Amino acid sequence: MSGAVASGIGAALGFATLHYLHENILSPQGLGCLCPPLGAVAVLLFSMPGAPASQPKAVIGGHIVAGLVAYSVGQAQLPYPEAVSVAVTIVAMSLFKVTHPPAGAYAFLFANKGMGAKGIVAPGLIGAVILIVVQQVVKVLTGMVGGGGKKKKE
């Protein structure tokens with residue numbers, strides 16, 4: 001099976017899992033795990049698993065940073081919250097060495113929708129963690145997916 005097909009299958013399994021957990025477990029609890037930036041997370045995890053931005057530390061750390069930054073910007077009621085949230089998220093991700101581009105998109109979404117404190121965890125962080133788990137399961141079952149390469153040494 002080609003790397004591209006394996007990547008597509010992995011992403012499909014990831015989103016099937018996201019939908020199932022969203023509908024059956026999270027939504028009844030008032031939480032979610034579906035948002036547009038997770039499409040980009042899936043591209044990184046399943047197509048470019050060796051990239052620094054695809055590593056669990058970057059994916060999880062980036063989403064934590066984005067949620068905390070965007071929430072803080074919203075609480076401070078700063079002008080141009082999307083711009084401030086994305087800019088500060090970029091700086092903080094760089095400082096903490098957890099740069100993950102989809103987290104910048106999540107900061108924008110969070111600020112744009114005026115998400116509350118729940119937004120720090122859901123849907124972005126929970127969704128990203130679920131995709132990481134699926135990626136790791138797929139990797140164990142089929143070998144390294146996508147990108148045709150090995151994970152870079154850190």
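User: In this predicted model, why is Tyr 106 called buried?

Analyst: The relative accessible area of Tyr 106 is 0%. Buried means under 20%, so Tyr 106 is buried.

User: What makes Phe 110 count as buried?

Analyst: Phe 110 has a relative accessibility of 1%. That value is under 20%, so Phe 110 is buried.

User: How many aromatic pairs does the structure hold?

Analyst: There is 1 aromatic pair in the structure. Tyr 106 and Phe 110 form the pair: their ring centres are 6.1 Å apart, and the cut-off is within 6.5 Å.

User: Why is the pair of Tyr 106 and Phe 110 called edge-to-face?

Analyst: The ring planes of Tyr 106 and Phe 110 stand at 85°. An angle over 60 degrees counts as edge-to-face, so the pair has that label.

User: Why are Tyr 106 and Phe 110 said to be separated by about one helical turn?

Analyst: Both belong to helix α5 (residues 101-113), where they are 4 residues apart. An α-helix has 3.6 residues a turn, so residues three or four places apart point the same way.

User: Which elements do the buried residues of α2 pack against?

Analyst: They pack against α1 (3-26), α3 (56-76), α5 and α6 (124-142). Helix α2 spans residues 37-47, and its buried residues include Leu 38, Val 41 and Leu 45.

User: Why does Gln 55 count as buried?

Analyst: Gln 55 lies in the loop between α2 and α3. Its relative accessibility is 8%, which is under 20%, so Gln 55 counts as buried.

User: What lies 2.8 Å from a polar atom of the Gln 55 side chain?

Analyst: The backbone oxygen of Pro 49 lies at that distance.

Technical notes. Residues are numbered from 1 along each chain as its sequence is written. This is a predicted model: local features need pLDDT of at least 70, side-chain atom pairs count only at pLDDT 80 or more; totals for chains, interfaces and linings use all residues. Side-chain values use heavy atoms; hydrogens and water are left out. Rings of Phe, Tyr and Trp (its six-membered ring) pair if their centres lie within 6.5 Å; planes under 30 degrees apart count as stacked, over 60 as edge-to-face and the rest as tilted. Helices (H or I, at least four residues) and strands (E, at least two) are DSSP runs, numbered from the N terminus. Buried means under 20% relative accessible area, exposed over 50%, partly exposed in between (1.4 Å probe, protein chains only). Contact means heavy atoms within 4.5 Å. A polar contact is a pair of N or O atoms within 3.5 Å; within protein, one must be able to donate a hydrogen and the other to accept it, and residues adjacent in sequence count only if both atoms are side-chain atoms.
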